[in-house]
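Here's a quick briefing to read with the structure open beside you. It looks at some charged pairs, then at one helix and its surroundings.

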Amino acid sequence: MRIGGRGGKRRMTEYAYENDFLTGKEESQRTYRQLMHESVEVLIQHFASADKPYSGADPLSLRDGVRRYPVCPEEEGNAAELLPRLGELLLQHSAVVTHPLCMAHLHCPPLQASLAAELLITGTNASMDSWDQSMSATMVEQEVVRWLCSLFSLPEGGSDGVFTSGGTQSNLMGLLLARDHYAEDRWGWSIQQRGLPPEASRLRVLCSEAAHFTVKQSAALLGLGHESVMTIPCDERGRMRVDALEKALLQLRELELLPFAIVATAGTTDLGAVDPLPELAAIARRDRLWLHTDAAYGGAVLLSDQYASLLDGIEASDSIAVDFHKLFFQPISCGAFLVRERSMYRYVRLHADYLNPQRDDEDGVPNLVGKSLQTTRRFDALKLYMSLQLVGRKRLGCMIDTVIELASVVAEQVRRSPALELLAEPVLSTVVFRYRGELDSDELIGEVNRHIREELLRSGEAVIARTRLQQNDCLKLTLLNPTATSAEIGRVIERIVSVGSALEQQHTKQYHIV
Ligand SMILES: *Cc1c(COP(=O)(O)O)cnc(C)c1O
């Protein structure tokens, strides 16, 4: 950037910037409309031409494509040239999230309403940390949080929450409050002030073996280490076994270790399993343990008339993680952390003179930074708000019913195919299975299944996931697209069988897979 030039006193450089920002000026509005219009057209074109969920391009060729252009050119560019280039370079080789055969991860097609909301969010650029950067936005987020607390049946009045970047942050927050509450409650020790107490190495968290890896990650970040997380075996449907939890608690007591939290999962990432929430809540209450429920995936079923009861008991949680960028069909990133008792936020609260001075609290000025691990934070609540306004609870609930029912129909297709093995009945909207054919070694079956996934990705015909269940490599479909049909997915199932059987034949011929 050039400084100086002929600017004199009024301008520091030779440039005029009015058109670089959206202001009230007509010329600036014209530029904005033009840029938005061209971006929208490129995006629409992308979806119109995407006949497969992925182009099939490999990582190296994509890197080379991006490297053809300097990241930071010296002079200004023009949108009419850049946007088609981005279409070619970027959009054409992205996973087509709205394609029915893009079904690997908890990676949803975003609702139209939420896409429009993104425009307003970024356009106004509110920052949720302090009220003077997000006046009305603060109020909208607070009201959406209040609605969420009631959706999860948390006590009116005491409960509270905040929007987060997703389950990772929400789980960290839950365990942080649990840890700090335990230290204060049992030892009168403020971890916020004094760091970990000497007893900290004896602290333990309990979760099922199918809990999300972010439980361990959080424990590490909280200074407790992975070894502080004790994983409890699951039953055949992937739910934490209550008898095994009781046994673990006895064992911990004998070893003089100190359990402080149970993490229940409401919708495990692979099987969609929901831990027995009422039983876990009763145990947590009895032993004075914090119950954090990770409903990142499953929380959305509360919108459904048909499936809401899957989450019965969740209202007894001390804290809850829920993601909207999964089964709520919101663009990334969008999640929330809810807490039963608002006063627990005292463990993370700090006052910065420039941002949220204590005086503001006394004057009733809401600065949401005191509820979040983030400082600058997006107004993601508007996406959910606008989606709820435009789509409505009933229709959203039916979308969830649709993907859950789709999973059960697809599971039936898998079960009917003699070459495939369904590894669990679906609970939410995932189907986990593997190609088996006539193969009998788990190792070989694993290899064939890994090759099947790679082959479908390389050709771009379907984006499906891999995972491991009971030490076996298998395939996973995560169905989050209510416009997908079982016929389309059925054809992928058939392809999986034919790719698998070709690999199997190759193996029988050569005794190894190339
Ligand atoms: C996705 C997921 C997470 C992680 O959430 P992010 O939004 O990716 O940070 C945690 N727990 C479960 C059960 C999940 O499905």
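Let's start in helix H3 (residues 79-89), where Glu81 and Arg85 sit four residues apart, about one turn of the helix. The two form a salt bridge, with their closest N and O atoms 3.4 Å apart. Keep in mind that this is a predicted model. In total, the structure holds 33 salt bridges.

**Glu118 and Arg378**
- Arg378 pairs with Glu118 in a salt bridge whose closest N and O atoms are 2.4 Å apart.
- Arg378 is in the loop between helix H11 (358-363) and helix H12 (381-391), while Glu118 is in helix H4 (residues 112-124), so this pair ties together parts that are 260 residues apart in sequence.
- Glu118 is buried at 15% relative accessible area, whereas Arg378 is partly exposed at 34%.
- There's a network here too: salt bridges link Glu118, Arg378, Asp380 and Lys383.

**Glu421 and Arg434**
- Glu421 makes a salt bridge with Arg434, and their closest N and O atoms are 2.7 Å apart.
- Glu421 belongs to strand E8 (residues 420-422) and Arg434 to strand E9, so the pair ties together parts that are 13 residues apart in sequence.
- Arg434 is buried, with a relative accessible area of 4%, but Glu421 is partly exposed at 24%.

**Helix H14**
- H14 (residues 442-459) spans 26 Å from its first C-alpha to its last, close to the 26 Å expected.
- Its buried residues include Leu444, Ile445, Val448, Ile452 and Leu456, along with Asn449 and Arg453.
- Among the elements covering those buried residues are strands E9, E10 and E11 and helix H15 (486-510).
- Just after H14, Gly460 takes a positive phi of about 75 degrees.

Terms used
Residues numbered from 1 in each chain as written. Predicted model: local features only at pLDDT ≥ 70, side-chain atom pairs only at ≥ 80, totals over all residues. Heavy atoms only, no water. Helix = DSSP H or I, 4+ residues; strand = E, 2+ residues; numbered from the N terminus. Expected span 1.5 Å × (residues − 1). Buried < 20%, exposed > 50% of the residue type's maximum accessible area, 1.4 Å probe, protein only. Contact = heavy atoms within 4.5 Å. Salt bridge = Lys/Arg side-chain N within 4 Å of Asp/Glu carboxyl O.
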